[in-house]
Amino acid sequence: MSKIAVMCGHGTQTNGKWDCGTTYAGYSEAALMLPITKAAVKYLRASGITVISDADTNNNKNMIRDVAWANKEKVKLYCSIHCDYSKAPSGVMPLYVSANGKKLATALNYAIKNGMPMKSRGVVKRSDLYELNQTDAPAVILETGSIKQDLKILRDQPDKYGKLIAKGICNYLGIAFKESAPAPAPAPTPTQLYRVRKTWKDAASQVGAYKSLANAKKECDKHKGYYVFDENGKAVYPVKTKEDKIMDACKAQAEYMKNAKYGDYSPVTLKHSKEAGTCATYEGVVFQRLGALASGKFVWQNGKGYGTGKVTGVNEDTMTVTYMNNKTIKALKGSIKKGDCILLDDNKSGVKGSGGHVFFATGEWSGTDPYIWDFESSKTCAKTGKPRKYSGSRKVLAIVRLK
C-alpha cells in the first residue's frame, strides 16, 4: 500500500510561534489551505492510500519537522499545499525540483486546470525551497492560486479543490480514484438466545435457552410463573398488558400487608383512616395507581381532597376519570374492565362526600358480583392469593382507567 505525505502550508514555526503565511482582506494562507488539505487527505484515504498529514492535527508542525517526518516514514511523494500572495496573478502553479517531482507537478496541474474554473501559470522548477530540496521523495509545493485573485475558489470550494488534488496524486501513482471508502462489511448478527426463567435476574431458575422463540414459548408454557427473555433481559412472552401489571401490583400490596402491624390495614392506610374515615383520598388513589404501574407496588402520595367527592391530581395524558353518579356495580357490569380502579361512594365512613372503598377489578364476575383486589387488601386475600368477591349492589362514584 502506498504511503504519502500531504502537508498544509505554514502553521507552527520552529520557535513555536504561529506563521499564518500570506494574508489578504482578513484571510490567511494557513486558514484557507487547511480545509483544502483535509479534503485532499480524505479522498486519498478513501482511495486506499495511506497518508501522513499535519492537517490531522490542524497544522501544528513546522515544515522542517514535516519533512523529517516524511523522510522517516519513507513516503513515495510529498505534497505541500500553499497559495500565492495577493499581487500574484490568478492560476494554479505547482513547483518542483526533481524529474519525478515534475511528473507529480504535471499530474496535479492537469487535474486542477481541467476541474476548476481557473487558469494555470504552468509547472515551475524551483531550486531554492527547503521542502523541495530536503525531502527524499519526489516533492511538490502546490501554489493553489492567488489569495486575492482566486479567493472565492479557495474559500468557497475547499472540498472540490481537495478532491482534484487527490485525483492528480492518484493519477501519478497509477491508483484508481474513489470518492468514498467502500462500506464496511456488516457485522455478523449475534445469535439471539431466548432464555426461559422466572425473572431475568434469577439466572438459577433458567430451564432452557433457545434460538427459536417458538421453542422457547413451548418450554415456557410448561412452567407456571416463567417468562421468555431476550438477550437484553426484556420479557417477550407472555407479554403482560397494563391491566396485568395492575393486578401484579395489587398482589404485591397484599403480600406487603401480610405483616401489617394493624391487622387488615397497612400503617399508611390506617394513618389516613384517622383523618378521613376508612377511605383514602381520591387524589391518593390516582397516585397509587400510577405508582403501581411504575414500580410494581403501591406508592402513597399525600394530597388534599378529603371528602371532596372528586378525583383530583389526575394526569390527563395517561388517565381518564368517568363519574358514574352512584350507579351500582351491577348496573355497570358491561362498563367495568380488568384493571379499572373503582371508587365507591356509599358513604359508610360517615365522612361527607367520601368513598366507602376503593378496589381494582380483575375482569372476572360471579353473576352480578365482581371479583376484586381491595385497595386495603386483607390478610385473607394475601393468604389465598385470590381476589375477593364484592357485592354488586355497592354504588360507584367514578371509574379511573389508564388510556
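Author: Let's start with a term: two strands pair if DSSP finds at least two bridges between them. Strands themselves are DSSP runs of E with at least two residues, helices are runs of H or I with at least four, and both are numbered from the N terminus. What you see above is a predicted model, in which local features need pLDDT of at least 70 and side-chain atom pairs count only at pLDDT 80 or more, while totals for chains, interfaces and linings use all residues. Residues are numbered from 1 along each chain as its sequence is written, and side-chain values use heavy atoms, with hydrogens and water left out.

Reader: Okay, what is the strand order in the open sheet of 6 strands?

Author: In general, strands of a sheet pair through backbone hydrogen bonds, either parallel or antiparallel. Here the order reads 6-1-7-10-8-9, and the pairing is mixed. At the edges sit strand 6 (50–52) and strand 9 (124–125), each pairing on one side only. Strand 9 runs parallel to strand 8 (residues 93–96), over 2 bridges. Look there for Tyr96, which stands opposite Lys125 in strand 9.

Reader: Which residues touch the most other members of the largest nonpolar core?

Author: Such a core is a set of buried Ala, Val, Leu, Ile, Met, Phe, Trp, Tyr and Cys residues joined through side-chain atoms within 4.5 Å. Buried means under 20% relative accessible area, exposed over 50%, and partly exposed in between, using a 1.4 Å probe and protein chains only. This core has 38 residues, and Leu44, Ile112, Tyr161, Ile165 and Ile169 touch the most other members. Elements giving it two or more residues include strand 1, strand 7, strand 10 and helix 6. Helix 1 gives the most, with 8 residues. As for Ile169, leaving aside neighbours within four places in sequence, its contacts are Ile4, Val6, Leu44, Leu77, Cys79, Leu104 and Leu108. Another core, of 14 residues, lies apart from this one, with Ala5, Met93, Ala137 and Ile141 among them.

Reader: Now the rings. How many aromatic pairs does a search of the whole structure find?

Author: A pair of aromatic rings is described by the distance of the centres and the angle of the planes. Rings of Phe, Tyr and Trp (its six-membered ring) pair if their centres lie within 6.5 Å; planes under 30 degrees apart are stacked, over 60 edge-to-face, and the rest tilted. The search finds 3 pairs. One of them, Tyr43 with Phe177, is tilted, at 6.0 Å centre to centre and 40 degrees between the planes. Tyr43 is in helix 1 (residues 29–46) and Phe177 in the loop between helix 6 and strand 11 (194–197), so this pair ties together parts 134 residues apart in sequence. Tyr43 is buried at 6% relative accessible area, whereas Phe177 is partly exposed at 23%. Elsewhere, Trp200, Tyr227 and Phe229 form one aromatic cluster.

Reader: And where is Pro138 found?

Author: Pro138 is in the loop between helix 4 (130–134) and strand 10. With a relative accessible area of 14%, Pro138 is buried. Lys76 is 62 residues from Pro138 in sequence, yet their C-alpha atoms are 7.1 Å apart.

Technical notes:
Contact = heavy atoms within 4.5 Å.
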